[in-house]
Amino acid sequence: MPHPTQRSLPLLAGFLLAALGAGCDAPAEKEGTVAAPPVRAREDGVPVGLPGMPPLLDPRDVYAADRPGRLSPVVRDFPSRVYVPNTGSNTVSVIDPATYKVVETIPVGVQPQHVVPSWDLKTLWVNNNRGHTLTPIDPATGTAGRPVEVHDPYNLYFTPNGRYAVVMASLDRELVFRDPHTMRTLKTTPVTCYGVNHADFSADGRYFIVSCEFSGELLKVDTESMEVVGQQKLPFRGAMPQDVKLSPDGRTFYIADMVADGMWVLDGDRFTTPNLLPTGKGCHGLYVSRDSREMYVTNRGEGSVSVFDFAQDRLTKKWRLPNGGSPDMGGVSADGRVLWLSGRYHSEVYAIDTATGEQLARIPVGSGPHGLAVYPQPGRYSLGHTGVFR
């Protein structure tokens, strides 16, 4: 999220600031954990997947389809680009990763927050949060289409079966389930927490975990019923949860927290109280490596990236950007060699070597770069955000 911490402001002022790209915590209306229904399983113990969801290539690794070079035929001929939404400039900067140069600047709506690949991989949706529109970009040509009216589209996800788009309406306090092509509203689910923003789905696709930034809460949502089945307050005063990512084995959710300065480690099935793993100041974005062995964790408040090893269950490295910076959201290149991140408060983008942690480039872009998308990427379909592929 783009919001600096301002705990002393009252709730109303916090919401007004959030609309301008800043924000604060709000008091939660609910506390404690609500038990969710048990996960359905076959007789052999394997979870029954969401109807219509493509089966995992490897039940032991939800990211098995994301290996280097495993591009879908749909995207194979798309030019390789990095799309950077500039929330303060109302533009998208387009970077050629081969030259590290901005090759185009696309005008979009007011306060673009994320560039989101569609479930079918054919469209990039720019989330114009305060403009209340989605701008479609054709990744084959780089041209923008006619904006679609969608209220408060802070972030955008897609259910694993491709049946629904899910708009994270942060200030509206809603999860809005829409047609994934036309964006027509199909169901609106009100929530009692503040600032719904990021999410990820379980390995079987039957539920997803949502972070609520302003009230420091987590939601568990049943994908089929489109209803909240669990809710809990994080055990940290002023918690501000951000990005959410599932472990490769599907057993654990990690939730970045920019005030707790670390990742919450959550058993999604049981939805019990998570544990905090400190990473660095302003922990914000989470990105899995192409071999599913590591996760890159951006620490926006200290200009660093922590590297988490899944097998060792610990942090193994920390890369610090030379001359500082504010690494925020991004993605990994198709070949897995470069981590691309927006510099939220420095009007720049960072390219980082995933083998060494060396900064390869620092590229000037517009004001307030946020949820950039590296495209195309390997994977059979997109779950949304800046590119979560299965």
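Is Asp243 buried or exposed, and what is its relative accessible area? Asp243 is buried, with a relative accessible area of 0%; buried here means under 20% relative accessible area, exposed over 50% and partly exposed in between, using a 1.4 Å probe and protein chains only. The views below come from a predicted model, where local features need pLDDT of at least 70, side-chain atom pairs count only at pLDDT 80 or more, and totals for chains, interfaces and linings use all residues. Residues are numbered from 1 along each chain as its sequence is written, and side-chain values use heavy atoms, with hydrogens and water left out.

**View 1. Asp243 sits in strand E17 (residues 241-246).** Strands, labelled E, are DSSP runs of at least two residues, numbered from the N terminus. Look for the side chain of Asp243, which reaches the backbone nitrogen of Leu286 at 2.9 Å.

**View 2. Asp243 has neighbours from elsewhere in the sequence.** Leaving aside residues up to four places away in sequence, Asp243 touches a set of residues including His198, Tyr254, His284, Met329 and His385. Contact means heavy atoms within 4.5 Å.

**View 3. A disulfide joins Cys193 to Cys212.** The structure holds 1 disulfide, a term used for a pair of cysteine sulfur atoms within 2.5 Å. Here the S to S distance is 2.1 Å. The pair links distant parts of the chain, 19 residues apart: Cys193 is in the loop between strand E12 (185-190) and strand E13 (196-201), while Cys212 belongs to strand E14 (residues 207-212). The link is left-handed, with -50 degrees about the S-S bond.

**View 4. Cys193 is buried, and Cys212 is buried too.** Cys193 has 0% relative accessibility, and Cys212 has 0% as well.

Technical notes. Helices (H or I, at least four residues) and strands (E, at least two) are DSSP runs, numbered from the N terminus. A polar contact is a pair of N or O atoms within 3.5 Å; within protein, one must be able to donate a hydrogen and the other to accept it, and residues adjacent in sequence count only if both atoms are side-chain atoms.
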